[in-house]
Amino acid sequence: MSVFAANAQPTESEKEVYNQVNVVLKDAEGILEDLQSYRGAGHEIREAIQHPADDKLQEKAWGAVVPLVGKLKKFYEFSQRLEAALRGLLGALTSTPYSPTQHLEREQALAKQFAEILHFTLRFDELKMTNPAIQNDFSYYRRTLSRMRINNVPAEGENEVNNELANRMSLFYAEATPMLKTLSDATTKFVSENKNLPIENTTDCLSTMASVCRVMLETPEYRSRFTNEETVSFCLRVMVGVIILYDHVHPVGAFAKTSKIDMKGCIKVLKDQPPNSVEGLLNALRYTTKHLNDETTSKQIKSMLQ
């Protein structure tokens, strides 16, 4: 079963959701490029803090930080769009009367988009995790802005990020994995808002995707069909992404014995990759899941993730 058929075309019934999600996914690559090239204003900020009386250096730091905060605002706004796209896909992939497997077979184009959202999310969070400049820049911006307000200095860029938005952005960037947190919250909210939909429709859709990824990665016959390493990392990220969502939504989580996800198998697949390529994904399982440290999680799984 190839859930992520590269050329899957949406059927008539899928078109509306597909097109809405496509508009969002079109911008994903540009967001990653912006984040990858995000250098931060560490140098200018240090200079300004060390010489508080030097107005030129204060202006220089402010001038360096304002456009960066514009980027951070853009990333944050994109997370909101991504959340809306995910909710649309969940709605389509969990609706009755089909089973999750039937949905993934019937709506391959939507399943592929769901996978692409998770792939983007984990790539975004891996880049964010390794870039401490983001939080430093943003807190410098907020400190400077409040000082300017106290001294009644007009701040341009003030209309860029108002206080309420700044608070939300602060919470977003304080997360180790902000995009995953956004999607986990969105999935949890989706389940609680759709009370008439059995929770299994959602969790089974996620666990089915996790096992498809695992099987594709651990079966030499499938693995040999992957034309490039990108496909491997795509499957790894999607697998980790759905595990995390499942763990947030399922009452007992992904690590319990009753879980429909073969966690040992999934972790083993991750451990079989070159270590530097999966450290970020293992960290996501360690720090973004909800139930890893529960008493119901076997010692073996805990030690595999240590």
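Me: What is the mean pLDDT of the chain?
Reply: The mean is 88, and 96% of the residues reach 70 or more. Here pLDDT is the predictor's confidence in each residue, from 0 to 100. This is a predicted model, where local features need pLDDT of at least 70, side-chain atom pairs count only at pLDDT 80 or more, and totals for chains, interfaces and linings use all residues. Residues are numbered from 1 along each chain as its sequence is written, and side-chain values use heavy atoms, with hydrogens and water left out.

Me: Where is confidence lowest, and where is it highest?
Reply: Helix α10 (residues 220-223) is lowest, at a mean of 76, while helix α2 (residues 42-50) is highest, at 96. Helices are DSSP runs of H or I, at least four residues, numbered from the N terminus.

Me: Switching topic, which residues line the largest cavity?
Reply: They are L122, D125, E126, M129, T177, L180, G280 and A284. A cavity is a set of points on a 1 Å grid over the protein atoms alone where a 1.4 Å probe fits but cannot get out, and lining residues have an atom within 4 Å of a point.

Me: Which elements give two or more of those?
Reply: α5 (108-129) and α13 (275-288) do, and α5 gives the most, with four residues.

Me: And which residue caps the N-terminal end of α3?
Reply: That's D54, with a side-chain oxygen 3.0 Å from the backbone nitrogen of K56.

Me: How far apart are the end C-alpha atoms of α3?
Reply: They are 58 Å apart, which agrees with the 58 Å that its 40 residues (55-94) should span at 1.5 Å a residue. The expected span is 1.5 Å times one less than the number of residues.

How values were computed: A polar contact is a pair of N or O atoms within 3.5 Å; within protein, one must be able to donate a hydrogen and the other to accept it, and residues adjacent in sequence count only if both atoms are side-chain atoms. On a 1 Å grid over the protein atoms alone, a cavity is a set of points where a 1.4 Å probe fits but cannot get out, and a pocket is an open set with protein on both sides within 12 Å along at least five of seven lines; lining residues have an atom within 4 Å of a point.
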